[in-house]
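Here is a friendly note to read alongside the model. Please keep the structure open while you go through the points.

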Amino acid sequence: MRAFGYRQSNSDHTLFLKKQHGKITTLIVYVDDMVVTGNDLEERKALQNYLSREFKMKDLGPLKYFLGIEVSRSSEGIFLSQRKYALDLLQETGMSGCQPVNTPIEEDLKLCVEPNQVSIDNGRYQRLVGRLMYLAHTRPDLAYALSVVSQYMHNPGEQHMNAVMRILRYLKNAPRKGILFAKNVDHQSIEVYTNVDWAGAVDDRRSTFGYFTFVGGNLVTWKSKKQNVVARSSAEAEFRGMALGLCEALWLRLLLQDLGHLSRQPIRLFCNNKAACDIAHNPIQHDRIKHVEVDRFFIKEKLDDKIVEFPKIQSEDQLADILTKAVSSQVF
C-alpha cells in the first residue's frame, strides 16, 4: 500500500489513506478481507486495479457483509448488526426454542468463585463466551454481562454457565439489535460518558468501569471492564475511569484527524461523580490521591490545554451506567 502512495495511519495500523486534489480514499484490511471507500472514484478504481494485479481477489460490490457484520443503508443512515451470527449461534447451541428474557444478566447479580461449586466443561464455557464476545462489536447491551462471565474462564461453575445461558436467552429475544450511524455533518463532536461501580466485585473488591464514546452523536466505541487495582474510594475509582475514557477519546481525535476532520472542539466528558471532577480541576496535591497522581496530572494537562471539559450530568442521565452493573429491563 505504501508503494502505491498510501500512508499507514498511526492511530489504526490496519487503515491506509491517500489524499489528493482535496479528496480522500481509504482502505481498511483484516487478514485477507478489505473495505475500500472514499470520495475519489477514479482513485478507488485505480486502487482496485492495482490490488487485482498483486493478489487474486474478488470485488463484492457495495459493502453488505464484513467479518460477520451485516451492513444496511437507509435514509436514516447506516445500520450494523450481527443478526445471522446471533441466529446461527442460537441454532448451534440448541437455544433456538428457548424461553426469551428481557435483560442479558439478572438485576443485582453478583457472581463469584464458590468453594464447593459444581464443575462444568471448561472448554465449552470458554468457546461459548468467546463466540458471544464477538457479538459485542455491534451489541453494547451485552458488554457488561460479557465482562462479568469472561472473568471466570479459568474456573467456571454452574452459576457462571447459567449466566451465559441467560445471555443466549436474551439474544433469542433480540437477535436483530445493532448500531445505527445516523447522518450527521458534525464529525468533530466527541463525547464520552464514564461510570464506575465501586468495589462491586465480590472476589477481590475491585471496581468495574465503563465508557461510551460518541462522534457526531453516534456511538462508536464502548468498554466494560474490571479495574486492575483496588480503589480505596469511589472518587479514586471514578477518576481512573475518567482517565481511561479520556485516552479513548484522544485516540478518536487522532483518528478523525487522519481522516481529515481536525477537531477544534473540546472533548466533552460526562462523569456524575463530583469528587472525581473536583480532583481533576484542583491543582493542589492531596495525600489521599498521591497514588493516582499520574492520572491526575494527565487529566489536568488536558484541562489546561482546553482539550477536554467536564459538563455537569445527573446520575439518571449517565448512559454508561449499563456498563457497570446489571439493570432492570426498562433501561433496554
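**Notes on the model**

1. Let us begin with Arg205, which counts as partly exposed because its relative accessibility is 47%; buried means under 20% relative accessible area, exposed over 50%, and partly exposed in between, with a 1.4 Å probe and protein chains only. Arg205 lies in the loop between β9 and β10. Its phi is near 60°, a positive value in a residue other than glycine.

2. A word on the ground rules. This is a predicted model, in which local features need pLDDT of at least 70 and side-chain atom pairs count only at pLDDT 80 or more, while totals for chains, interfaces and linings use all residues. Residues are numbered from 1 along each chain as its sequence is written, and side-chain values use heavy atoms, with hydrogens and water left out. Helices (H or I, at least four residues) and strands (E, at least two) are DSSP runs, numbered from the N terminus.

3. Now look at Ala199, found in the loop between β9 (190–197) and β10 (208–215). Ala199 is not a glycine, yet has a positive phi of about 55°. Most residues other than glycine have a negative phi. Is Ala199 buried or exposed? Ala199 counts as buried, because its relative accessibility is 16%.

4. Next come the helix pairs. Two packed helices are described by the angle between their axes and the distance between the axes. Here axes are lines fitted to C-alpha atoms, for helices over the stretch in contact, and angles run from 0 to 180 degrees between N-to-C directions. The axes of α2 (residues 83–92) and α5 (residues 158–173) come within 10 Å and cross at roughly 125°. That is why α2 is oblique to α5; angles under 35 degrees count as roughly parallel, over 145 as roughly antiparallel, 65 to 115 as roughly perpendicular, and the rest as oblique.

5. Which residues make this contact? Ala86, Leu89 and Leu90 come from α2, and Leu168, Leu171 and Lys172 from α5; contact means heavy atoms within 4.5 Å. These residues divide into 5 nonpolar, no polar and 1 charged. Ala, Val, Leu, Ile, Met, Phe, Trp, Tyr, Cys and Pro count as nonpolar, Asp, Glu, Lys and Arg as charged, and the others, Gly among them, as polar.

6. Helix α3 (residues 122–135) also packs with α5, at an angle of about 35° and with the axes 11 Å apart. Residues of α3 in this contact include Tyr125 and Leu128, and those of α5 include Met161 and Val164. The contact of α3 with α5 divides into 11 nonpolar residues, 1 polar and 1 charged.

7. How many disulfides does the structure hold? There are 0, where a disulfide is a pair of cysteine sulfur atoms within 2.5 Å. For Cys247, the nearest cysteine sulfur is that of Cys271, 15 Å away. For Cys271, the nearest is that of Cys277, 4.5 Å away. Cys271 counts as buried because its relative accessibility is 4%, and Cys247 as partly exposed because its value is 41%.

8. Finally, please find Arg7, in strand β1 (residues 7–8). Arg7 and Lys18 are 11 residues apart in sequence and 6.3 Å apart in space, C-alpha to C-alpha. Not counting residues up to four places away in sequence, Arg7 touches Leu15, Phe16, Leu17, Lys19 and Asp258. Arg7 counts as partly exposed, because its relative accessibility is 37%.
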